[in-house]
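Me: I would like a close look at a single part of this assembly, followed by a connected account of how some other parts are arranged.
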Amino acid sequence: MADVAINTTSRSAKAGSRARPVSGVRKFFQKKSTVAFFMALPLILLIAILVVYPALYSIHLATLNKSMQRYVGFGNFTFLFTRETFWMVVRQSCLFAITAVIFKAIIGFVAAHFVHNVPANKQRKWRGMLLVPWVVPPAMSTLTWLWLFDPSYSAFNWILAHFSIGPIPWTGDTGWARFAVILVNIWAGAPFFLILYLAALKSVPEQLYEAAAIDGCNWWQRVWFITLPMMRNIIAITALFSLIVTFANFDIVRILTAGGPLDSTHLFATWAFKLGIESSDIPLGASVSLFMFPILAIAAIFILRDINQRGNEAS
Amino acid sequence: MTMAATIDKAGPRRKKKLRSMSHDRKWALRWSYFFLTLFAIFFLFPPLYTVITSLKTSGEISAAVNPWWVYHPTLSNYKELLGSSQFLRFFLNSAMVSICVVIITMLISIPAAFALARMKFWGSATLATGVFLTYLIPDSLLFIPLFKMFAVFHDYTGIQLLNHWYVLVVVYPTLTVPFATWIMIGYFASIPKELDEAAIMDGATWMQTLLRIFVPVALPGIIAATIFAFTVSWAQFLYPLAFTTTTSELVLPVGIITTLIKGDVFNWGQIMTGALLSAAPPLIIYAFLMDYYISGLTAGATKG
Amino acid sequence: MADVELRKVVKMYDNVEAVREIDLAIADHEFVVLVGPSGCGKSTTLRMIAGLEDITGGEISIDGDVVNDVPPKDRDIAMVFQNYALYPHMTVAENMSFGLRLKRFPKAEIKERVDEAARILDIADLLERKPKALSGGQRQRVAMGRAIVRHPKVFLFDEPLSNLDAKLRVQMRIEIKKVHQKVRTTTVYVTHDQVEAMTLADKVVVMNKGKIEQVGSPNDLYHKPATKFVAGFIGSPAMNFIPCQLEETAGKLHVRISDKLTFPLPPERAARYKSISRDDKLLLGLRPEHITDARSNSGPGFESFEERLDVTEPMGMETLIYFPIEGAQICGRANPSAGAQDGAPLKMAVDLNNMHLLNAASGVVI
């Protein structure tokens, strides 16, 4: 390297040319990888300081006692295992996430099909209307649902009263409250599935359907043998994504039931908030939220695998 | 004779078959519209009910009349909220937080995405995966350690972040930057490699290539990422609920819930008006920039 | 204007040698075409000259200066890309002036240079358009204009015509040649199309597997190929290779293909080949135009034989004839009036004055 540089100097001096050698320090700062590193540095710092560090810090916090003076090891975890509420939260989180994701996926898929069926120039309008729940901040739309579920003035109960049903204690009874939080989550989340499935439907080549029609497939067989296999990847990724987000949901349960009645609708997030922030037991709250981690990690691994596969197929 | 009979027989049958096909298609379309209408009702009645309630007086809300109809429409709820300095303070806080977060997000994620998409460096592939994984980490996993971190930060430096609106400017980028970077990596990667090589041959530095070629060419992606960052900041609920309590520091969603709900007294007319007003900015952006909005929020799949 | 020199240039990609120690001298004003099949290292070589790829070994100098460590922008070169790489958000004029604006040239000079380039390329009325509104040929011109306005030392072209349709390609080929005649800038041009290479180049560099097979003028390469690769790559339809041996019968040197096909060599050839061992496995290289119908060709060095044709392809001015010799598919060119017909035997003649003899093992033309 060095002799090349010397070579260059002598030659350019002789030729009086504009091509010039670059000094060591300047070269380091002009090097592509150096420039790139500095461009990505704010991102790296952000992730390191505000994501990775707190995640590790929360593991540390989870090993302290309530006043954070004393190291208790797995004390918080063993304490949680003895609490009935903890197991209820585990069950409710799973029930909530799985049920909601299944229904969101089904509604999204069916609705996407119908949108796909109508003439292209009208699709935009329908799509625009069906996506509104997903644009409204979830905390705000949940307020409306809270009002719709109001114990004394529920607009649902007003309608049901005409059929001599109810009044239904939407948020006051364990079963109904669980139903209510899932319903609101489905309402808010289904449009997301709809839009992704619609995009996926549009990417299935029309010739495949024409070939299938010539082969004598009926509508149902076309969905089963062409649409679903072609969309398998996007269905899986969307569902996994949604599983993570639904599992970690906070807004809806917090506003609609605040975990009640009797903690029966708490999810990890809302229970951790109640323990960690409201009851100021930060270590216990941190321990609860850490239980989300394994499930998130498993979903993340599957998503990464799918995305890598997609990448490999593309290349 | 026989010939004519055969033709006669074949003719109508074929015709019937044709008619039945278009017939089928017409019915499929009708069914589609029917079900789409049902879906539209399901998805739109809560926002509609928000509007209905916001137009009522508290007297009418508590009266035993049809809740789905406005008998005496009034704008008094809007007047009262828009005249309340407290509500305007929430709005202003939300706007300041969201705008700051959008700017910070773009300043961090555009150069980072450019570096990750174009200028391979040691560990860049790992970092790209890391960015994606970070995006998968939900707010509900981090709010407790962050809360404690800010408290400790105060103990060491004397700078109090908690209970100030700008603490949100610090934490929101953890939600927006990974995804915005992810979107931008996708957009930048779709720009042909020859374009930056041409720029380099033209004598541009990497920074000039980014600012004068990539940013203008990937503008749709940048708009999408901006909208995404704005929407996420505007709608965030958990962090402000955990990190801010003083009324003057609250942002819209938390402000509405903590100030308009006083104990067990729900002033529903005002709550619905507040909800509607705070849903308005994203809805307006959505109405005008629907395609960017959708492409931004679906580019790598997001919340649902 | 400048000369370019490559000395023992090597390029490695993760232990795979893409370019192996090539030496090449390009004189000032010269139009040099690097040609070869895909993956032969021609584009890599060009990109190393451009500075878009690091040089693993050896050195490249432009105008006498070693540029190994000089960034592309300081090498004073301009490049035209295969997909044109026009900046989609800029007008034609802005595209062409981008490099000058980065170097902060005065406005008046920028305008002068853009106008000059636009005049050379005949795109003056397109200057305010965006690339999207241009046809393929027009985009190609703009890409060249962007190179011309810089007044660089060297022009680099990376397969600039392969995105155009056949007719436009011929037209742009002539255009490029005209532009070079006007601006006389040293040019390095990469293509996989041997016709482009032959028609454009002052000097053709045939590359294969990271090495230079042969450097020479188009005519040299066609008539005096150095290796089997060059012989087969240049010319279309390609040269025929027929396994053969030399033998001496009655004091005369013969090339023996089979018992049936043994031809005496013309005296000039016999003198050249007489030192070759009679046991060597050889290949007889004959271009299609040297395998013709016997009727229209005779004279010293022409040897006739008869063979049954597989397929004929009437092209109008000639008829391509295909037939097997010793398992190899042979292509010849016959006069359309010779009456060549599919499946019918035809009396043909080979022109041994233009034969090539290759070593079958090494592929070297003897």
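Which residues in H8(A) are buried?

Reply: This is a predicted model, in which local features need pLDDT of at least 70 and side-chain atom pairs count only at pLDDT 80 or more, while totals for chains, interfaces and linings use all residues. Residues are numbered from 1 along each chain as its sequence is written, and chains are lettered from A and ligands numbered from 1 in the order in which they are written.

In H8(A), the buried residues are A:Pro138, A:Ala139, A:Met140, A:Ser141, A:Thr142, A:Leu143, A:Thr144, A:Trp145, A:Leu146, A:Trp147 and A:Leu148. A residue is buried if 20 or more other C-beta atoms, placed from the backbone, lie within 10 Å of its own; it is exposed if 12 or fewer do, and partly exposed in between. Helices (H or I, at least four residues) and strands (E, at least two) are DSSP runs, numbered from the N terminus. Because 11 of the 11 residues of helix H8 (residues 138–148) of chain A are buried, this helix is largely enclosed by the rest of the structure.

Elsewhere in chain A, helix H4 (residues 75–82) packs against helix H15 (residues 282–290) at an angle of about 70°, their axes lying 10 Å apart; axes are lines fitted to C-alpha atoms, for helices over the stretch in contact, and angles run from 0 to 180 degrees between N-to-C directions. That angle makes H4(A) roughly perpendicular to H15(A), a term covering 65 to 115 degrees, with angles under 35 counted as roughly parallel, over 145 as roughly antiparallel and the rest as oblique. From H4(A), A:Asn76, A:Phe77 and A:Leu80 meet A:Pro283, A:Leu284, A:Ser287 and A:Val288 of H15(A), where contact requires C-beta atoms, placed from the backbone, within 7 Å. The residues of this contact comprise five nonpolar, two polar and no charged, with Ala, Val, Leu, Ile, Met, Phe, Trp, Tyr, Cys and Pro counted as nonpolar, Asp, Glu, Lys and Arg as charged, and the others, Gly among them, as polar.

Between chains, the contact draws 14 residues from chain B and 17 residues from chain C. On the side of chain B that touches chain C, helix H8 (193–201) and helix H9 (206–217) each supply at least two residues, and H8(B) gives the most, with six residues.

Chain C itself has nine helices and 21 strands, and buried residues make up 42% of its 366 residues. An automatic or database assignment gives chain C domain 1 (4–232) and domain 2 (240–359), whose centres, taken over C-alpha atoms, are separated by 40 Å.

Terms used:
Two residues are in contact if their C-beta atoms, placed from the backbone, lie within 7 Å.
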